[in-house]
Amino acid sequence: MTGLLIRGAALLGAHVDDIRVRDGVIAARGSLSPETDERVIDARGLVALPGLVDLHTHLREPGGEASETVLTGTRAAAAGGFTAVHAMANTSPVADMAGVVEQVQRLGQRHGYAEVRPIGAVTVGLAGEQLAEIGAMARSEARVRVFSDDGHCVHDPLLMRRALEYVATFDGVVAQHAQEPRLTVGAQMNEGALSGELGLAGWPAVAEEAIIARDVLLAEHVGARLHVCHLSTAGSVDVVRWAKARGIAVTAEVTPHHLLLTEELARGYDARFKVNPPLRRDEDVHALRAALADGTIDIVATDHAPHPIEAKECTWAEAAFGMVGLESALSVVQLAVVETGMLDWSDVARVLSSAPARIGRLEGYDEPLAIGAPANIALVDPAHARSWSTADLRGRSTNTPYLGRQLPGRVVHTIHRGVLTVDDGALVAPEAVAAAHQEVARG
Amino acid sequence: MVARTVLHDADITRALRRIAHEVLESRRGEGRLVFLGIPTRGATLADRIQRIVDEIEPGVSSAGSLDITLYRDDLAKSPTRTPAPTRIPAEGIDDAIVVLVDDVLYSGRTIRAALDALVDHGRPRVVRLAVLVDRGHRELPIRADFVGKNLPSATSERVSVRLVEVDGADEVTIEP
Amino acid sequence: MRHLLSTRDLDRETAIRILDVAEDMAQTADREVRKLPPLRGKTVVNLFFEDSTRTRLSFESAAKRLSADVITFSAKGSSVSKGESLKDTAQTLAAMGADAIVVRHHDSGAAHQLAHAGWIDAAIINAGDGTHEHPTQALLDAYTIRARRFGAGARGRDLAGMRVAIVGDILHSRVARANVWLLTTLGAEVHLVAPRTLLPHGVEHWGATVHEHLDDALAAAPDAVMMLRIQSERMRDAYFPSAREYARVWGLTAERLALLGPDTMVMHPGPMNRGLEISSAAADSARSTVLAQVTNGVSIRMAVLYLLVAGSSGTAEPTGGEG
């Protein structure tokens, strides 16, 4: 069976139509009758979205396989409705050379759950001293276009200037993790009245805002693109809004958790809520939502950061920073901005698919669900609601902040290049996915 | 089911007078008497008895309180209880005639605890026990030397002692 | 009361109750036999991840005076220093049958975790967690102030109307935090004194008056002045230019001591940096309560151990009793 007929889905939450998938592409749309040799998927009541694209994921392989691998990470991604993920470079060895990025990309291709687009490091070993071989990575089979030292800030202003200029040569973008290291030594949570009360060292908002302010001015000066990772404060939103008004080529992302959770969760010292940048105040959550709605923030990116149990089941100060987020991303976005009426499903398609693809120079996602485009589709049941548990996770790690929380929506089917990776809520087995891709390639 | 008064205020006064006389008699003219009452009402009674003794024979007695909360044998069975103050007269209890005073003698466990507490404060020459009411049902080999009233009772019955200083009136009642 | 993690959890009634029970405990020091039996057969574990001889000895002494069995587990040379996690340590202690754990840890929130993570079912007493809290220190400080001021009439009283100044590295001080919450609950007026670099963000919400100069706070005629040790080991960067400048502007010098009223208490949790935050003149003066604080520490810790460990772990106080 090489074809799929998706019947009765609401495309981007609006117009109900059938979609025919054949030979890995969207072959037709409209009111369609089933043909032989195609499987019919009853999608009545479901919303059809383009396959989601994550611009910020940590797959941990090579080096961190205890927490996640390309296989388990892309399975988690598929479960969340993603068909493409950009894998951050802070692996071991660091992805600062063509060899590493090609290996990661090939693993993604072999497993077949999602397209893996490796992100290349800006500096060698993420040490912030010397530029990495950006050209080699851009020209490799991995065709890297996004470069980031995420985990670390490119804090040296001269190096950031050079990076912006050099990366532009290859039509790439620097994705900055904005955190002035000197202002955040030993920082544990947002700096504020609560951090003072809890006795946890503070991570002041200005440490993020000052770097973004500097970087947008640098980007303007050298005429290069800049992308800002995981915006977390109202002040950062103001800086980006100012920069865009000036015509500076800056894009920004926000994580699902920063759209929903606040620093109050630190009160119980439960390190599941420890993340970098930290959870902030209510005012920041509202500013970020408004910025996503008005386009100041271009995309939602998960910053999926798996960690082993022992890295979270310890004192706050000892715990690692990070939360997993691929499986819950769409549900959290639905809860935070769709159900509050700030975004509709076509906006979701933009912020979680077409816009991140455009920033990452990923092809095939510019026009959602277009005829002739590769068949990357997510079918979502927005009416489903459940209490989030570790049973809803599909990756290797369980450090999710949503345990026990009611989250809406459920990904029912995910289709990657015409192949079902999630079928009726369940992940398809690796052998079946690989076989299906081969069949599509042959057909 | 109504409470029955077994001792009215006058009965209580008479009983305490009698106890005071009996204690002085047993002293046989020598020895320092220290009345230590078990809070709350035992301590009140100890003060009253000591005042009567001091009227009859001044200068041979003093009174205080001995809290037994920290010596109870059933501490782990209920939420932690707050102790009441322990006030030992300045001369202490070494070589004294200590008279423990309590309102009701029942199982005897309170007095057992009081003896343990007493021993940690010093070494009296002799220890006696005075109670206003002995209601029987001893669980330990303890007996009172001076008793205000013997009151046979069923374990299902409740004996209540009220004193003016604590409860506003003097009376002892029993109810089913 | 199942655990003692933070003075923020204590209401006025409970706080006064602890101080009153500590008075009963203090009496035993004058007795022939200084021991009490209520914790006989119970095991108290001192779990000290951070070095602290004085607090550890104080808790050990308190537990032993209540007839408890005491096991001390300090970080150096133990499995803890070999990288054993807090969780594994806690579960090992549970397997050994600990009834109460007195824990001191370098990370804020460690005591809270031991109490709530489900690794162990013992009473948890916070003996200092990171820069967060040190409830028994605040309790012994409040007890000391109350005893000095009211003497034999202290039982049942709070600290309403009293003025206490806390001076020093407020930013990194768990003693300061614990004291601010407790003194406020007991009705005292709290004044904090520190250079701005040593004041936490949001301190204006703590319900205390903040001064950046010690002389301003002393002009308000406090009943007690509590000097905090300048913790050089906690500082990662320059918070003030030099020890000399600190002593000059914020130290309790002999000159400032002379300006204090005759009954103003001079307090310090110890250990003291003589010549830095407190002059020898102040430390050794008649106003100093430093040694009384140490003595009172044992009584307070006895009270806390008794209240948390002796009874069953319910919440209501029983009424009445039998004879």
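The structure is a predicted model. Chain C consists of two domains, and between these domains about 2800 Å² is buried. Chain C buries about 1600 Å² with chain A and about 2200 Å² with chain B.

**Domains of chain C**

- Domain 1 of chain C covers residues 7–133 + 294–313, while domain 2 of chain C covers 135–291.
- The C-alpha centres of domain 1 and domain 2 of chain C are 25 Å apart.
- In the contact between them, domain 1 of chain C takes part with 34 residues and domain 2 of chain C with 30 residues.

- Of the roughly 2800 Å² buried between domain 1 and domain 2 of chain C, carbon and sulfur atoms account for 56%.
- Three residues, C:Thr7, C:Leu19 and C:Thr131, contribute 22% of the area that domain 1 of chain C buries against domain 2 of chain C, more than any other three residues.
- There are 5 salt bridges between domain 1 and domain 2 of chain C.
- A salt bridge joins the side chains of C:Asp24 and C:Arg155, with an N to O distance of 2.9 Å.
- Between domain 1 and domain 2 of chain C, 14 residue pairs are in polar contact, both residues being at pLDDT 80 or more.
- On the side of domain 1 of chain C that touches domain 2 of chain C, two or more residues come from each of α1 (12–27), α2 (53–65), β3 (100–105), β4 (123–129) and α11 (290–309) of chain C.
- The element that gives the most to this side of domain 1 of chain C is α1(C), with 10 residues.
- By class, this side of domain 1 of chain C holds 12 nonpolar, 10 polar and 12 charged residues.

**Interface of chain C with chain A**

- Here 23 residues of chain C are in contact with 18 residues of chain A.
- Carbon and sulfur atoms carry 51% of the area of about 1600 Å² that chain C and chain A bury between them.
- Chain C and chain A share 2 salt bridges.
- C:Arg8 and A:Glu197 meet through their side chains in a salt bridge, at 2.9 Å from N to O.
- The interface of chain C and chain A also has 11 residue pairs in polar contact, with both residues at pLDDT 80 or more.
- Elements α3 (86–95), α4 (110–116) and α6 (174–185) of chain C each give at least two residues to the side of chain C that touches chain A.
- Among the elements on that side, α4(C) gives the most, with 3 residues.
- The side of chain C that touches chain A comprises 6 nonpolar, 11 polar and 6 charged residues.

**Interface of chain C with chain B**

- In this interface, 27 residues of chain C are in contact with 28 residues of chain B.
- About 2200 Å² is buried between chain C and chain B, with 51% of it on carbon and sulfur atoms.
- The interface of chain C and chain B has 1 salt bridge.
- B:Asp120 and C:Arg31 form a salt bridge in which the closest N and O atoms are 3.6 Å apart.
- Across the interface of chain C and chain B, 8 residue pairs are in polar contact, both at pLDDT 80 or more.
- Both α1 and α11 of chain C give two or more residues to the side of chain C that touches chain B.
- On that side α1(C) gives the most, with 5 residues.
- The residues of chain C that touch chain B divide into 11 nonpolar, 7 polar and 9 charged.

Methods. Residues numbered from 1 in each chain as written. Chains lettered and ligands numbered in written order. Predicted model: local features only at pLDDT ≥ 70, side-chain atom pairs only at ≥ 80, totals over all residues. Heavy atoms only, no water. Domains from an automatic or database assignment. Contact = heavy atoms within 4.5 Å. Buried area = accessible area lost by both parts, 1.4 Å probe. Salt bridge = Lys/Arg side-chain N within 4 Å of Asp/Glu carboxyl O. Polar contact = N/O pair within 3.5 Å; in protein donor to acceptor, adjacent residues only side chain to side chain. Helix = DSSP H or I, 4+ residues; strand = E, 2+ residues; numbered from the N terminus. Nonpolar A, V, L, I, M, F, W, Y, C, P; charged D, E, K, R; others polar.
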